[in-house]
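Let's go looking for disulfides.

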Amino acid sequence: VALHSTVETAVRFTAPKHHLFPSNAVVEISTRDCNKCMYLSSLNSGTQYYIRARTKNVRGWSEYSDVVSHIPMGIPSAPTNIRLNAISGDCLEVVFDPPHYGEPFKSYLIQWDYNESFDSAEGVSASCNSGRYGNCVLSQFLRPPPYTYEICNLLSSESYHVRVAARNAVRTQSIHPDGGPKDNTKWSTIVSKMTSYQVPDPPMALDIKVLGRTGAQILFDWPKRNGGSQISRFLVHYDTSEDFSSAIELIFESTQPEKLAESGGKYIFDFAPTDPPLIPGSKYFLKMSAMNTIGTGVFSKTKSFVPSGPPDPPIFSSLSTLEFSKSPITEATVSWMTPASTGGNPIDGYFVEWWTSGKSPEVQVVRLLYTSPLSATTFTLSFSPNPTIKKETSNLPWNASPDLVRRELLNLGWDESRDSLLLSDVKVMRSTLANGYLWTVTYGDNPDRQLNDGDQVCLVGSVTSNGDLGTPSITVSTIRDGQRPQGLNEIQYLQIIGTGTLSGFYRIKFLGSEWTNYIPVHADAEYVKQALEQLTTIGEVHVVQNDSLDPIFTGTGPNVVHHFEVHFVGNPGNVESMIVDSYHISSTNHDATVIVHDGNNELDAFNTKESAAVPGELPLHYGKSELLDSNSRTYQISGLLTGTEYFVAVSARNSKHGVSKRAYPSQASIIPPVQEPGTPQNVRLAVNSGYSDSLVAHFDPPKSTGGDAILLYRVELDPSPSFDNPIVQDIECPPSNRKTEWEIMTFVEGDGVINGGSFRLELEVDGFISVTSDIPYDAVALSSNETGVTQYLAPRFSTSSSSDILSTIPPTNIENVVFPGDRLRFSGQTESMEYYEVMSVTSISAILNKPFDGNDGAQALTTRHYGGRGSPLSSRVHCNFNEDLCPKSSESRSGSMQSKIENLSLAVQK
């Protein structure tokens, strides 16, 4: 009988009592007889068998057929080790292991019912979500056994019965004619349990990161189950004993841990008990449990940690050098004692650093090159010391003289209403190349000024051919970075940026270090400082927070929530940028991020300084020892310059958190002393040929100069070896050459006053006469004074708007105080950098060259000015004649005595 269609699942045919004759006849119902096949019995289930066949006739046996294989299988045996747990008031969890027989398994069938007969679970309405009863097939198992399944949406305090069966490729069969049991499924043992509320599961995947000497950061996965009642608190047990025999408890609210975004569900909180505080260097064991209204759950697995940080600085003992020596003294000895605290990890060594207070000027070179001669080409130079300002020179001729380039650079930023002093001290030299010119610009070479000391932003050149065919090009490069006295700590900007509500954590690493602990997005400067100083590659840092700072002044973007300035005190020089991991922060507008602005002098696409972050500078003659042994207590610094002041610092290091703060001696610095020079060597006498009354003395320099240049040699001659009355001759060396000094004074006979004009000087050298260009009557002395010298005037002056009369309060005779030609400024004038020139003086008042514009009445401050920056026509900075930028009128009233004389290059070197 072949069934082609059935309404429901077909079951085995049965036959009622028959009426066949004879009465012992039977009705047999079976599957189709095996035709051209055979049954192989008594095989081992699950074992692979290989089969082949052959035939035989009267002539003998055939060859074997191809080998085929198969595995005899049956339905799986029952799952084993079945357990049922109450996990909340409406959920149960069934746990089981696979059956012993029937692999590979395709799925598991789980049934539950409030009735032990499983009548409802066997019904058509039973499913995975049918509540008090269910019939659910599980086909995916990603984890190794034992397998678990949660049965939820149950009633509280009701008993439920659960059983589990496995399925493989062999279909179950209906074997009972009366329909019960339904088929030959091999069910597990039935387990029963009543639903009830439970204590929470323990926190999982506990991890601890050290925050410092007295704290740690704890990360964990939230408990898998809360027992049916909300987790309200967490309990932390910690102890220095692994058996927790003297454990301390700390309870905190469940709202304190914050979820770490994009971390797979981790939570994080800072653990820093205060009563008692953690002891640096002690090993602590810690475990956690969760709490709800039912009670306290079991503890998590135990984790250990050692609170620690960088060590304290060493205790400075002494800094010394020799007082006397036959050789130049180029060494100093520093000694110290161990730090008061190792920070919780053993000291593994010490560093010694030394440096001088000198400075080294920055040097940049401007190259203008061409392929054929030029005539009309011009160029400009721009300078941008910070993101808020960029100034550009006037168009300079392609072959501009060095003094003209210097003048334009010094005038950058000048304005009558607001003078931005960008450059106060530069020197310019020009060299001729085969196909162009090279200008060498030196910054900050003046010991009395600091504005342009240190590492400077590079100039930017722009060239315009103006019809020339020589393909002119211009480049600017730095050939020596400047170093200011004592160097400069690098400053990097750390900014948290976003809109809306920000949350989460970020991390930082530096110079290949490990990551810091997770830093909350709203952490303060002290928290950031502590996190950074935990890194092995960072020494001491100062962190300044200024969230209200206008981004315009820092050169950074908008939407800055937190702005930190990180000063690298313990990492001298220009250091690499910090690296930030901002993956775990977010904002309600999905735009949160953390960025770092490196301390450098990079320019943006508009040739403006990218940010106000500051590159670090090493001090001049900076030196550092290798890592000294942890048992070292003294170190000899060698190779010092005799007569030069040196500063010294010592720091300790542990391998876990890097270098301590520096320790400085109570004696701030030391100077290896200059010694007396040694005795001249190989002194000998010889006849002075052709002279009967003289001898020639020969000698070699001494083995030691004492650490300084030899100023003179003294030769003594006496007929007696006791040198009772020697003839003495001193031979002066170049370092002691006497400099020629001249005093130049202008005056007028009688009661007249010099109130304008210029003069020239003639200088004769080796028979050749050189003449200076025009020197202004009130010229400043030094080239460094050309940017302006200010003199404060004692009388109290009074002005009136729109009037050119300058009076005094109380009336004071000013004829010997103010003179015609003086250039004055007043504290109350509208344009702060505008000059008012005195035209005439009569007793208690004076006449100005134009009506005053500003506050009426007495002026709090009045100043007289010599030299000074200005426009190409008004500037008093030295220049030689140029038709456009330095006409004769400008040349004659600009410059200093030094510049005018040094301009005689054939006669004067310096």
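This is a predicted model: local features need pLDDT of at least 70, side-chain atom pairs count only at pLDDT 80 or more; totals for chains, interfaces and linings use all residues.

Residues are numbered from 1 along each chain as its sequence is written, and side-chain values use heavy atoms, with hydrogens and water left out.

So what's a disulfide? It's a covalent bond between the sulfur atoms of two cysteines; here, a pair counts if the cysteine sulfur atoms are within 2.5 Å. Searching the whole structure turns up three disulfides.

| Disulfide | S to S distance |
|---|---|
| Cys91 and Cys152 | 2.0 Å |
| Cys128 and Cys136 | 1.9 Å |
| Cys879 and Cys886 | 2.0 Å |

Start with Cys91 and Cys152. Cys91 sits in the loop between strands E5 (80-86) and E6 (92-97), and Cys152 in the loop between strands E9 (147-151) and E10 (159-167), so the pair ties together parts that are 61 residues apart in sequence. (Strands, E, are DSSP runs of at least two residues, numbered from the N terminus.) The torsion about their S-S bond is about 120°, so this disulfide is right-handed.

Next, are these cysteines buried (under 20% relative accessible area), exposed (over 50%) or partly exposed (in between), using a 1.4 Å probe and protein chains only? Cys91 is buried at 9% relative accessibility, whereas Cys152 is partly exposed at 28%.

With Cys879 and Cys886, both are buried.

How values were computed
Helices (H or I, at least four residues) and strands (E, at least two) are DSSP runs, numbered from the N terminus.
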